[in-house]
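Please consider the protein chain displayed below.

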Amino acid sequence: MNQKVDHLKRVTLSCKVAFLNTNSNGHGCENINRNCYNSPTKIEFIYGIGPEGLAPIEFKLAKASVGDTFHWNLPTHKFFGFFGHLPHPHLVIPADAEEVCLEISVDNIKPASPREIVAALAEIVNSREQCSCC
């Protein structure tokens, strides 16, 4: 059975990131393998358990299947917000970057166990308590 991204599913993604600026000479998402930054990064999360609802990336991934690949270009100031409460690629955005190009592939989808759901919720609460921005 082909699983779809949906609530309380454990989703594993591969994420490639490239930075674009005025000197990129048109080498954007179409050449992400050539321009990527320390990629790909694996990201795993439980879909749909965020305290403020779905993160923007979760909206974009709704009903995706294993093997689906997506491309997004984001202004640099929106990169971290795109992931919301979810884990994101840990990177330093160069000062001259104007845009972040993302290539996200859905690698795995499976039901999350009750224990995994509770652990993920506890992790979200713990990270919010340690964050001075929340």
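Does Phe-80 count as buried, partly exposed or exposed? Phe-80 counts as partly exposed, at 36% relative accessibility, where buried means under 20% relative accessible area, exposed over 50% and partly exposed in between (1.4 Å probe, protein chains only). The model is a predicted one, in which local features need pLDDT of at least 70, side-chain atom pairs count only at pLDDT 80 or more, and totals for chains, interfaces and linings use all residues. Residues are numbered from 1 along each chain as its sequence is written, and side-chain values use heavy atoms, with hydrogens and water left out.

**Overall architecture**

- The protein chain contains four helices and four strands, taken as DSSP runs numbered from the N terminus (helices H or I, at least four residues; strands E, at least two).
- Read from the N terminus, the order of elements is β-α-β-α-β-α-β-α.
- Of the 134 residues in the protein chain, 39% are buried.
- Among contacts (heavy atoms within 4.5 Å) with a separation of 6 or more, 78% are between residues 24 or more positions apart.

- Four strands form an open sheet in the order S2-S1-S4-S3, with antiparallel pairing; two strands pair if DSSP finds at least two bridges between them.
- S2 and S3 (69-75) are the edge strands, each pairing on one side only.
- From one strand to the next, the twist averages 30°, with axes fitted as lines to C-alpha atoms and angles running from 0 to 180 degrees between N-to-C directions.
- S1 is joined to S4 (residues 99-111) by 12 antiparallel bridges, and Phe-19 stands opposite Val-100 in S4.
- S1 also runs antiparallel to S2 (residues 41-46), over six bridges, with Thr-12 opposite Glu-44.
- Seven bridges connect S3 and S4 in the antiparallel sense; Trp-72 has Leu-102 in S4 as its bridge partner.

**Burial of strand S1**

- All 12 of the 12 residues of S1 (residues 9-20) are buried, so the strand is largely enclosed by the rest of the structure.
- In a regular strand the side chains alternate between the two faces of the sheet.
- Both faces of S1 are covered, with buried residues including Val-11 and Leu-13 on one side and Arg-10 and Thr-12 on the other.

**Glu-58**

- Glu-58 belongs to helix H2 (residues 56-61) and is buried, at a relative accessible area of 0%.
- A polar atom of the Glu-58 side chain lies 2.8 Å from the backbone nitrogen of Gly-48.
- Beyond residues up to four places away in sequence, Glu-58 touches Phe-45, Ile-46, Tyr-47, Gly-48, Gly-53, His-85 and Leu-86.

**Aromatic pairs**

- The structure has five aromatic pairs, defined for rings of Phe, Tyr and Trp (its six-membered ring) with centres within 6.5 Å; planes under 30 degrees apart count as stacked, over 60 as edge-to-face and the rest as tilted.
- Phe-79 and Phe-80 have ring centres 4.9 Å apart and planes at 75°, so this pair is edge-to-face. Phe-79 is buried, at 0% relative accessibility.
- Phe-82 and Phe-83 form an edge-to-face pair, 5.8 Å centre to centre with 85° between the planes. Phe-82 is buried at 6% relative accessible area, and Phe-83 is buried at 1% relative accessibility.
- Phe-70, Trp-72, Phe-79, Phe-80, Phe-82 and Phe-83 are linked by ring pairs into a cluster.

How values were computed. Polar contact = N/O pair within 3.5 Å; in protein donor to acceptor, adjacent residues only side chain to side chain.
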